[in-house]
Amino acid sequence: MNTSANRSTPLNLPNPPVMLAPLAGITDLPFRKLVSKFGAGRVVSEMVASQELLSSRPGTREKAELGAEVENTAVQLAGRDPEWMAEAARQVADMGAKIIDINMGCPAKKVTSGYSGSALMRDLDHALKLIDAVVEAVNLPVTLKTRLGWDENLLNAPELAVRAEQAGVQQIVIHGRTRCQFYKGAADWSAIGRVKNAVNIPVIANGDITDAQTARNALDQSGADGVMIGRGAQGRPWVLAEVAHGIYGDQSAIGAPDVPSGADLCDLVSGHFEDMLAFYGCPLGGRVARKHLGWYMDFAQTPAALRREVLTADPSVVLSLLPLALQQHQEAA
Ligand SMILES: Cc1cc2nc3c(=O)[nH]c(=O)nc-3n(C[C@H](O)[C@H](O)[C@H](O)COP(=O)(O)O)c2cc1C
C-alpha cells in the first residue's frame with residue numbers, strides 16, 4: 001500500500017451520493033453552479049489535460065474558470081505522464097481544489113492515442129504510475145473514473161480498482177461500458193457489481209441513468225454506493241435533486257426540487273444564458289449556449305420552427321424569444 005494514502009484527507013461519500021458527471025464542453029462552471037443550486041452530492045469539472053494546464057497553450061481554459069475551489073467540486077485531470085499529472089495536481093491543489101479525479105475513461109481517439117483516458121486500461125502498470133504520482137503529489141483525496149475495460153476481451157476494471165485502492169484512491173466511478181463501445185448499446189450496471197465486490201472503497205455507477213427509476217435499477221443491479229449522471233442532466237439541471245429525493249427521500253440532504261415550468265423555466269434558462277455570455281463573452285458564449293438551449297427546448301417540446309428561430313438568433317435577441325419558446329407545448333403537441 002502506498003503510504004501517502006495515509007496522508008490524504010479522507011473522503012466521505014457525499015449526501016446524497018448522486019453526482020454530476022464531467023461532460024467536456026457541457027458541464028462548465030455556469031452549468032455546475034446551476035446543478036448545485038438545485039442540489040448535487042458532488043460535481044466534477046470537465047477533463048483538464050495535465051499537459052495543457054502546465055503549458056497554458058492558447059485554447060486552454062483560464063485557470064480561474066475551472067472553479068477548482070467551489071465546494072463539492074472534484075477537478076478532473078487526464079494525462080499520460082506521471083510527472084505532468086503530479087505537477088498538474090499540485091497546481092490545482094494550489095488553486096483550492098478539494099478533490100482530484102483521474103480520468104481513465106475517455107474513449108476519444110485524440111485522448112487514447114496519446115495513451116491517456118481509457119487507453120490506460122491496456123497498461124495497468126502505467127495507469128498505476130499515474131495514480132501513485134498524483135496521490136504522492138497532494139494531500140487531497142484522489143478519485144478515479146473509468147470504464148469496464150478496453151473491450152469485451154479486457155474487462156479489467158476490477159483489477160484496476162483493487163490496485164487503485166491499494167495506491168490510495170478513495171472512490172471509483174465506473175461507466176458501465178467498455179472503451180470500444182464508446183456510447184453504443186446500453187450500460188451494463190450488473191458488470192459494475194464485479195468492481196463493487198472487489199474493493200472496499202465506494203463505487204459509483206454511471207451510464208444511462210436519467211431518473212429515479214433508472215438510478216434505482218443501476219443501484220440494485222450493481223450494488224454500487226451511489227450514482228453519477230451526465231447526459232440525463234442536459235436541459236434538466238434539477239434531475240440530480242429529483243433522483244436524490246426519489247431514492248433517498250428524507251435521508252437526502254437535498255429536498256425535492258420544484259421542477260420549473262412556464263415563467264419559472266424561462267427565468268432559469270434566461271439566467272443560464274446570461275451566465276454563459278458573461279462567462280465566455282460573445283460570440284463564444286452564444287455558440288456554447290446553443291446546445292443547452294436546444295436541450296431546454298426538447299424538455300419544453302418547443303415546436304420546430306420556433307426552436308430553429310431561437311437557435312439561429314443573434315444572442316442579443318435570444319432572451320426576447322425564450323418566453324414563447326419555453327411555454328409548455330405538450331398539450332398543443
Ligand atoms: C460530450 C461528452 C463529454 C464527456 N466528457 C467527459 C470528461 O471530460 N471526463 C470524463 O471522465 N468523462 C466524460 N464523458 C463521459 C461521461 O462523464 C459519462 O461517463 C458518460 O456520458 C456516461 O454517463 P451518462 O449516460 O450519464 O451520460 C463525456 C461524455 C460526453 C457525452
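Colleague: Is F182 buried, partly exposed or exposed?
Modeller: Buried means under 20% relative accessible area, exposed over 50%, and partly exposed in between (1.4 Å probe, protein chains only). These areas come from the Shrake-Rupley method, in which only the protein chains shown count as cover for residues. F182 has a relative accessible area of 24%, so F182 is partly exposed.

Colleague: What kind of model is this?
Modeller: Residues are numbered from 1 along each chain as its sequence is written, and side-chain values use heavy atoms, with hydrogens and water left out. Local features need pLDDT of at least 70, side-chain atom pairs count only at pLDDT 80 or more, and totals for chains, interfaces and linings use all residues, since the model is predicted.

Colleague: Where is F182, and what is its phi?
Modeller: Helices (H or I, at least four residues) and strands (E, at least two) are DSSP runs, numbered from the N terminus. F182 lies in the loop between β7 and α7. F182 is not a glycine, yet its phi is positive, at about 45°.

Colleague: N72 has a positive phi as well; what is its relative accessibility?
Modeller: N72 is in the loop between α2 (50-55) and β4 (73-78). N72 is not a glycine, and its phi is about 65°. N72 counts as partly exposed because its relative accessibility is 39%.

Colleague: What is omega for the cis bond between C282 and P283?
Modeller: P283 lies in the loop between α10 (262-280) and α11 (284-300). The cis peptide bond that joins C282 to P283 has an omega of about 5°.

Colleague: Which residues come nearest to the ligand?
Modeller: A residue is near a molecule if one of its heavy atoms lies within 4 Å of it. There are 17 residues around the ligand. Those that come nearest are P22, Q76, N206, D208 and R231.

Colleague: How much of the ligand's accessible area does the protein cover?
Modeller: A polar contact is a pair of N or O atoms within 3.5 Å. A backbone N or O atom of P22 is 2.7 Å from a ligand oxygen, and a polar side-chain atom of Q76 is 2.7 Å from a ligand nitrogen. An N or O atom in the side chain of N103 is 3.2 Å from a nitrogen of the ligand. On its own the ligand has 610 Å² of accessible area, and the protein covers 88%.

Colleague: Where does the ligand sit?
Modeller: On a 1 Å grid over the protein atoms alone, a pocket is an open set of points with protein on both sides within 12 Å along at least five of seven lines. A molecule sits in one if more than half of its atoms lie within 2 Å of its grid points. The ligand sits in the second largest pocket.

Colleague: Which residue's backbone oxygen does the N206 side chain reach?
Modeller: N206 is in strand β8 and is buried because its relative accessible area is 7%. With contact meaning heavy atoms within 4.5 Å, and residues up to four places away in sequence not counted, N206 touches among others K145, H175, I192 and I229. At 3.0 Å, the N206 side chain reaches the backbone oxygen of M228.

Colleague: Which residues of helix α7 are buried?
Modeller: Helix α7 spans residues 189-198. Its buried residues pack against β6 (142-149), α6 (157-167), β7 (171-178), β8 (203-206) and α8 (212-222). They are W189, A191, I192, G193 and V195.

Colleague: How far apart in space are L240 and A212?
Modeller: L240 is in helix α9 (residues 239-248), and L240 is buried because its relative accessible area is 0%. Leaving aside neighbours within four places in sequence, its contacts include V18, L20, V35 and A233. L240 and A212 are 28 residues apart in sequence, and their C-alpha atoms are separated by 8.9 Å.

Colleague: Which residues does A289 touch, not counting residues up to four places away in sequence?
Modeller: A289 lies in helix α11 and is buried because its relative accessible area is 0%. Its C-alpha is 9.2 Å from that of E274, 15 residues apart along the chain. The residues A289 touches are F273 and M276.

Terms used
Polar contact = N/O pair within 3.5 Å; in protein donor to acceptor, adjacent residues only side chain to side chain. Areas by Shrake-Rupley, 256 points an atom, 1.4 Å probe, with all protein chains shown as cover. 1 Å grid on protein atoms, 1.4 Å probe; cavity = no way out; pocket = protein on both sides within 12 Å on 5 of 7 lines; lining within 4 Å.
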